[in-house]
Amino acid sequence: MLNTTANPSNPAPVEDPYRTFIHDVEGLLNHPSQWLIGVFFALLVLTWAHHWYELIGESFIGFIIGIMAWRMIVTGVQVWQLGKKFDLTPQSGHPDKCGGFEPLGNLCLWNALIVTIPAVFLGGWIILGPGIQYEMDYYTPLFSKLLLVPVAWALISFFLPLWSVHQIMVAKRAVVRQQLDQLSQSINHLAREMLAEADELEPKEGEKMTEKLELIRQIYQQNQLYQVWPFNLWIMVKFMPSQAVPVLGLTGLGQPILEVISALMVS
């Protein structure tokens, strides 16, 4: 989560820097450079389109993908820079199992899912093309090379922006571990003190010391599991299947698996 100050050494409220940050992000998302990226992706269609109807339709799709690519880059860079612009403080024991940073993980997940769309398109053609006899002697080698781009991009767009947040969480965990070490010493000291004075302790005094010892132990246990990645298992469950078709197409395993499934269905 974001602290109420932009920086621990600066007592200024976070609202103004946060509004400035949002304004800057919106400006970058709508920057004219997005049109140049769109045109670049549209021109990539020239590397494989043979017919005019392919050129028109797929150039338009390439243009849209280029604009989305620009917005993905902007989003990823801004997530990467969050730790430099704000004091991010993970919440120990947060229900989302990732320190309260699940929204960041989901944001990068959507970035990866967007770039997975062309990867599924290319991977799907590699897998299904031979079955429908669609000039795949030419398209399979080309699509296999092109497929490397969205597959790598999906991994980078998901993990790389979150790496800076991960480093912050690791640094925060080191501080928490120091505090836990102090608590552990307090637990040990109090337990030994109770043991040494067991015969002399008054019931009320012993009860207070026992309650204090139990409280310290609960605090220790509550903060012992400290998450260091801004995504949880559920986010990974949604991310990994999205890469199945591209990976199967890229590794060449998709076609044999499809043939086995088709044979089982026929039998």
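Analyst: Buried here means under 20% relative accessible area, with exposed over 50% and partly exposed in between (1.4 Å probe, protein chains only). This is a predicted model, in which local features need pLDDT of at least 70 and side-chain atom pairs count only at pLDDT 80 or more, while totals for chains, interfaces and linings use all residues. Residues are numbered from 1 along each chain as its sequence is written, and side-chain values use heavy atoms, with hydrogens and water left out.

Asp96 sits in the loop between α3 and α4, where helices are DSSP runs of H or I with at least four residues, numbered from the N terminus. Although Asp96 is buried, it has no salt bridge, and the nearest side chain of opposite charge, that of Lys97, is 8.3 Å away; a salt bridge would require a side-chain nitrogen of Lys or Arg within 4 Å of a carboxyl oxygen of Asp or Glu, and in assigning charge Lys and Arg count as positive, Asp and Glu as negative, with His and the chain ends not counted.

What the side chain of Asp96 does reach is backbone: a polar atom of it lies 3.0 Å from the backbone nitrogen of Gly100, and the backbone nitrogen of Glu102 is reached at 3.2 Å. Leaving aside neighbours within four places in sequence, Asp96 is in contact (heavy atoms within 4.5 Å) with Phe101, Glu102 and Asn232.

Note on methods: Helices (H or I, at least four residues) and strands (E, at least two) are DSSP runs, numbered from the N terminus. A polar contact is a pair of N or O atoms within 3.5 Å; within protein, one must be able to donate a hydrogen and the other to accept it, and residues adjacent in sequence count only if both atoms are side-chain atoms.
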